[in-house]
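Please open the model in your viewer and keep the sequence beside it, so that each selection can be followed by residue number.

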Amino acid sequence: MTIRKILATLLALSMTLSLAACGGNSTQTGTAQPEQTEQTEEASSVSDESVSDESASDETTAENTETETPADETEASEPAEKVDINLAALSGPTALGMLDLLEKNENGEAANNYNVTIATAPDEVTGKIISGELDIAAVPTNVASTLYNKTEGQVQIAALNTMGVLYVLETGDTIQSVADLAGKTIYATGQGSTPEYALNLVLEKNGLTPGEDVEIVFAADNAEIAPLLASGEAQVALLPQPFVTSVLTQNENVRVALDLTEEWDKAVNGESGLTMGCVVVRKEFAEQNKEALDRFLDEYKQSVETVTSEEGLAHAAELAEHYNIIKAAVAEKAIPECNIVFVEGDEMQQIAGGFLQVLYDANPQAVGGQLPNDDFYYKR
């Protein structure tokens, strides 16, 4: 075979092998391409499904959010369920401080349903607290301590509502100091409660012995004393506001001789304030109805702020007459002098604790025989 033929043969063989190789690659690519396409489609399908699921999830979340938001708003706007509460106040500053609350209760606008009793003397209230007939009541501060001891801790003090409102009145002009009370007969109310013990302490700190140097005659309620002063049967009396203003309005011959709050401050050297009244609650009620009790305290605080405000005074005076506490004309003059307050929490404990300590040091029976423990003070 010539060299030319050999070269031609090798060239032909090379071309054949090259074509075979190309044909084999084309087949592999052809079979792989559909598999890749299917995988790509499956991946795309999975991705689409994933996106679809995420979209659906987002839509569901959005739907849930849209559904839940109004429900939350509705729940937030729904008022708390009202609780029936038996409530008592004394005819005086404590009842005056509740006037706005009483009106809301009468109009069905209060946060709770209050069954209200306006009492003329503390002993009308104390027995009902012990028996459970009353849930919340306004009483003299020392009576709150006595109730705590009598019930073995089942009564708590929730707020202070009245500071010093006691005044010594006289027909004439003979009393300029506590010493001038020697040999006098004082008509008063509040036997066994803050007025009696505060008066006794002031007298004793000024060297006078109650029952010996000074005679004290106790009346059943404050309304009995005004006509005694008017008739001349009583020359000297110890009265709280608003009855002081009422007597002064009716009898121009009667004057304020002494401010017992000032005399108290002198007698105790400023160790405590003369806190006249407070709000107590049965411990069992407080534990079982905490939200309702806190709503009451919020309403009471708001009521005090409204009644004692300049813009709320005139309406409060009208309410005082509406609820048969005192005539509107007298109430409008008396309320600013009644020292109506709302004090709770640690400040309440500090003021009341100091006051009870002073009473205890003078006469343990004034606070029920012993000072109350810390659980006496209800704190939110």
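What follows is a walk through a predicted model, one selection at a time.

**The whole protein**

Begin with everything shown as a cartoon, where the protein has 14 helices and 11 strands. If you then colour by burial, you will find that buried residues make up 45% of the 380 residues. Among contacts between residues at least 6 apart in sequence, 79% join residues at least 24 apart.

**The cores**

Next select V125, I129, V139, L181 and W264, which are the residues with the most contacts inside the largest nonpolar core, a set of 56 residues. Apart from this core lies another one of 43 residues, and A89, M98, L293 and A317 are among them.

Stay for a moment with W264 and display what surrounds it: leaving aside neighbours within four places in sequence, W264 is in contact with A198, L201, V202, S272, G273, L274, F355, V358 and L359.

**Helix α6**

Now select residues 194–205, which form helix α6.

After α6 comes G207, whose phi is positive, near 80 degrees.

T194 lies in α6, and with a relative accessible area of 0% T194 is buried, because buried means under 20%. Show its surroundings, and, apart from residues within four places in sequence, you will find T194 in contact with P140, T141, N142, L274, T275, M276 and F355.

**Where α6 meets α9**

Two packed helices are described by the angle between their axes and the distance between the axes. The crossing is left-handed, and the contact is made by A198, L199, L201, V202 and K205 of α6 together with L260, E263, W264 and A267 of α9.

**Strand β3**

Move on to I136, which lies in strand β3, residues 136–140. I136 is buried, with a relative accessible area of 1%. Which residues does I136 touch, not counting those up to four places away in sequence? They are I85, N86, L87, A88, V279, V280, V281, F285, L293 and F296. For one of these, A88, draw a distance to I136 between the C-alpha atoms: they are separated by 6.5 Å, although the two residues are 48 residues apart along the chain.

Most residues other than glycine have a negative phi, and most peptide bonds are trans. With that in mind, select E152 in the loop between α5 and β4, where phi is near 55 degrees, a positive value; E152 is exposed, with a relative accessible area of 71%.

Then select N339 in the loop between α13 and β11, whose phi is likewise positive, near 55 degrees, and which is partly exposed, with a relative accessible area of 34%.

Finish at P242, in the loop between β8 and α8, where the peptide bond from Q241 to P242 is cis, with omega near 5 degrees.

How values were computed:
Residues numbered from 1 in each chain as written. Predicted model: local features only at pLDDT ≥ 70, side-chain atom pairs only at ≥ 80, totals over all residues. Heavy atoms only, no water. Core = buried A, V, L, I, M, F, W, Y, C linked by side-chain atoms within 4.5 Å. Buried < 20%, exposed > 50% of the residue type's maximum accessible area, 1.4 Å probe, protein only. Contact = heavy atoms within 4.5 Å. Helix = DSSP H or I, 4+ residues; strand = E, 2+ residues; numbered from the N terminus. Expected span 1.5 Å × (residues − 1). Left-handed = near helix turned anticlockwise from the far one by under 90°.
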